[in-house]
Amino acid sequence: MTTAPTSGPGRRTLRRQTRRATLACVVVLALSAGLAVAALASGRYATPLHELWPVLTGGGDPGLRFVLFELRLPRIGTALAVGAALGAAGALFQSASRNPLGSPDIVGFTVGAATGALVVLLVLHDTRLTPAVGAVLGGAAVATAALLLGGTGQRLILVGIGLSALLTSVNAYLLTRAEVTDAQNAAVWLVGSLNGSGHHLPLLLGALAVLLPLSVLAARGLRLIENGGDKALSLGVPVRRQRLTATALAVALTAVGVAGAGPVGFVALAAPHLARRLTRVAAPLVTTSAALGAALLLAADQLAQRLVPGQQLPVGAVTGVLGGGYLALVLAWTWRGRPR
C-alpha cells in the first residue's frame, strides 16, 4: 500500500512538483502542436496556413486534401505516437532500473527487435509476416531473456548489454549472408523510418490508449522506490512486483514504437532526461516524457526530410546522431566531479 506525504512541507513539495510537471507537459504539448502545424504546411508542396483549415474541414482542393490526409497527417500522427511510446518506455525503464542509462537501446530490446526483423526479411522470406511483427517478437524474446537472467534493476542493464553485443554480431552475420538487394532493404528498416508507416496508426493509438494510463499508475508505485528499496519495503510497497510491472509495460510500449517505425534509437533515453531537467523532479514522469518523446521524434523527422535537399533521410539516422551526442553529454555530466 502506498501513502502520500502527510506533513505540511511534504504536501507543499508534492504540489509544487505536480504544478511544474503539469506546466512542462502543457508547454511541450503546445510545442508538439506547433510542430505538427508546421509539418502540415511544409514539404515539397508547401501549403499556406490560411488554406489548411478549409481542407481539414472537408473542403478545399482535392489534390491538397489527398496530400494532407493520405501522406502528411498519417506520418505526423505516427511520429507523435511512436515518440510518445518510446518516451514513456524510457521513463519506466530508467526508474525501474534506477539507472539513468536504462532504456530499450541499452538493455537489448532494440537490437533484439532488429534481429527479429532480419530473420523475417532475410531468412524466412515469409510474406505473411512483416518486419514489424518480427521486430516485436524478437524484442519481446530478448526482453524476456534479460528479465529471466538478470531480474530487474542494475543486473537487467548488464545482462541487456551482453545480449546486445551477442545479437549485434548475429545481425552483422545475417546481413553479410543476404543478397545485396535484401540487405539494402533490411538496412533501411533497421535504421528506423517513418516512410509509409501511416497504416499502423490506428493500432498504435489503440495500444497507447491502454498502455499509457497503466504506465502512469505504475509510475506512482515507483516514486517511493526512488529513495531506496528498503525504505519502500518498510512502507509496504511490493518493490519487486512494481519494478517487474513497470519493466513489462516499458517492453510493451517499446514494442509499439518498433512496430510503428522500426528500431528508432535514443528517443527513449533522451526524453526522460530532458523531462527531469525541465521539471526538476526526480520521480518518473511518464506523461511529460511521452510528450517530449513525441515532440523530439516529430522534430527529428522534419529535420530528416529537409536536411539533404532532394533526399529523405531515415529518421533513425537523425536521432542516432543527435542521441549519440546527448549520450556523451549525459556520461560527462554523470562522471563530472567524481573521484578518479
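This is a predicted model: local features need pLDDT of at least 70, side-chain atom pairs count only at pLDDT 80 or more; totals for chains, interfaces and linings use all residues.

Colleague: Next topic, charges. How many salt bridges does the structure hold?

Modeller: It holds 1 salt bridge. Arg75 pairs with Asp301, and their closest N and O atoms are 2.8 Å apart.

Colleague: Why would two side chains pair like that?

Modeller: Side chains of opposite charge can pair when their charged atoms come close.

Colleague: Where in the chain do Arg75 and Asp301 sit?

Modeller: Arg75 is in helix H3 and Asp301 is in helix H13, so the pair links distant parts of the chain, 226 residues apart.

Colleague: Are the two partners buried or exposed?

Modeller: Buried, both Arg75 and Asp301.

Colleague: Let's do pockets. Which residues lie nearest the centre of the second largest pocket?

Modeller: Gly43, Arg44, Arg75, Gln305 and Gln312 do, out of 24 lining residues. Helix H3 (62-97) and helix H13 (286-306) are the elements that each give two or more residues to that lining. H3 gives the largest share, with 7 residues.

Colleague: How do the residues of its lining divide into nonpolar, polar and charged?

Modeller: For the second largest pocket, you get 9 nonpolar, 10 polar and 5 charged.

Colleague: What about closed-off holes? How many cavities of 30 Å³ or more does a search of the whole structure find?

Modeller: The search turns up 2. The largest cavity has about 60 Å³ of space, and the second largest cavity has a volume of about 40 Å³.

Colleague: Which residues line the largest cavity?

Modeller: Its lining is Phe93, Val107, Phe109, Ala143, Ala146, Leu147, Leu156, Thr247 and Val251. Helix H6 (131-150) and helix H11 (239-261) are the elements that give two or more residues there, and H6 has the largest share with 3. By class, the lining has 8 nonpolar residues, 1 polar and no charged ones.

Colleague: And what lines the second largest cavity?

Modeller: Its lining includes Leu86, Pro104, Asp105, Thr110 and Val258. Helix H4 (104-107) and H11 give two or more residues each. By class, the lining of the second largest cavity has 6 nonpolar, 3 polar and 1 charged.

Colleague: Last one, the outside. Which residues form a nonpolar patch on the surface?

Modeller: Leu303, Leu307, Val321 and Leu322 form one, with about 390 Å² of accessible area together.

Colleague: Where does Leu307 lie?

Modeller: Leu307 is in the loop between H13 and helix H14 (315-335).

Colleague: And why does Leu307 count as partly exposed?

Modeller: Because its relative accessible area is 49%, and partly exposed covers values between the buried cut-off, under 20%, and the exposed one, over 50%.

Colleague: Got it, thanks!

Methods: Residues are numbered from 1 along each chain as its sequence is written. Side-chain values use heavy atoms; hydrogens and water are left out. On a 1 Å grid over the protein atoms alone, a cavity is a set of points where a 1.4 Å probe fits but cannot get out, and a pocket is an open set with protein on both sides within 12 Å along at least five of seven lines; lining residues have an atom within 4 Å of a point. Helices (H or I, at least four residues) and strands (E, at least two) are DSSP runs, numbered from the N terminus. Ala, Val, Leu, Ile, Met, Phe, Trp, Tyr, Cys and Pro count as nonpolar, Asp, Glu, Lys and Arg as charged, and the others, Gly among them, as polar. A salt bridge is a side-chain nitrogen of Lys or Arg within 4 Å of a carboxyl oxygen of Asp or Glu. Buried means under 20% relative accessible area, exposed over 50%, partly exposed in between (1.4 Å probe, protein chains only). Patches are made of residues with over 30% relative accessible area and no salt bridge: like charges are joined within 9 Å, nonpolar side chains (Val, Leu, Ile, Met, Phe, Trp, Tyr) within 5 Å. Accessible areas come from the Shrake-Rupley method with a 1.4 Å probe; for residues, only the protein chains shown count as cover. Grid points are joined across faces, edges and corners, and a volume is the space filled by probe spheres set on the points.
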